[in-house]
Amino acid sequence: MKLKNGAYDILKWIALICIPALATFYVALAGVWGWPYADEVSKTANAVCVLLGALLGISTAQYNKDKH
């Protein structure tokens, strides 16, 4: 699986910055405002980040393999 540089950069930003920040924001405010499913949102966000990280890792490994 190969990704274009732009797609890779966007997915990396989403996995490393966006999803964790949004999940932390939701979980923090859920306790204050009584929003539902804070634990479920946190676990789902972590699962999505792990999946994206694995897919990006595969893409990086393939890129490095083809480069050499």
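Is Ile 14 buried, partly exposed or exposed? The points below answer this and describe the surrounding structure.

1. Basis. This is a predicted model, in which local features require pLDDT of at least 70 and side-chain atom pairs count only at pLDDT 80 or more, while totals for chains, interfaces and linings use all residues. Residues are numbered from 1 along each chain as its sequence is written, and side-chain values use heavy atoms, with hydrogens and water left out.

2. Ile 14. This residue lies in helix α1; helices are DSSP runs (H or I, at least four residues), numbered from the N terminus. Ile 14 counts as partly exposed, at 24% relative accessibility; buried means under 20% relative accessible area, exposed over 50%, and partly exposed in between (1.4 Å probe, protein chains only). Not counting residues up to four places away in sequence, Ile 14 touches Ile 19, Pro 20 and Leu 52, where contact means heavy atoms within 4.5 Å. A separation of 20 Å lies between the C-alpha atoms of Ile 14 and Asp 39, which are 25 residues apart along the chain.

3. Helix packing. Helix α1 (residues 5-33) packs with helix α2 (residues 38-67) at an angle of about 170 degrees, and their axes are 9 Å apart. Axes are lines fitted to C-alpha atoms, for helices over the stretch in contact, with angles from 0 to 180 degrees between N-to-C directions. The angle therefore makes α1 roughly antiparallel to α2, a class that covers angles over 145 degrees. By class, this contact has 17 nonpolar, 3 polar and 1 charged residues. Among those taking part are Ile 14, Ile 19 and Tyr 26 in α1 and Ala 45, Cys 49 and Leu 52 in α2.

4. Helix α2. The 30 residues of α2 reach 43 Å from first C-alpha to last, close to the 44 Å expected at 1.5 Å a residue; the expected span is 1.5 Å times one less than the number of residues. Its buried residues are Ala 45, Cys 49, Leu 52, Leu 56 and Ser 59, and what covers them includes α1.

5. Aromatic pair. The whole structure contains 1 aromatic pair, formed by Tyr 26 and Trp 35, which is tilted at 5.3 Å centre to centre and 35 degrees between the planes. Rings pair if their centres lie within 6.5 Å; planes under 30 degrees apart count as stacked, over 60 as edge-to-face and the rest as tilted. Tyr 26 is partly exposed at 21%, and Trp 35 is partly exposed at 34%.

6. Tyr 37. The loop between α1 and α2 holds Tyr 37, whose phi is near 65 degrees, a positive value in a residue other than glycine. Tyr 37 counts as exposed, at 59% relative accessibility.

Definitions and conventions
Helices (H or I, at least four residues) and strands (E, at least two) are DSSP runs, numbered from the N terminus. Angles under 35 degrees count as roughly parallel, over 145 as roughly antiparallel, 65 to 115 as roughly perpendicular and the rest as oblique. Ala, Val, Leu, Ile, Met, Phe, Trp, Tyr, Cys and Pro count as nonpolar, Asp, Glu, Lys and Arg as charged, and the others, Gly among them, as polar. Rings of Phe, Tyr and Trp (its six-membered ring) pair if their centres lie within 6.5 Å; planes under 30 degrees apart count as stacked, over 60 as edge-to-face and the rest as tilted.
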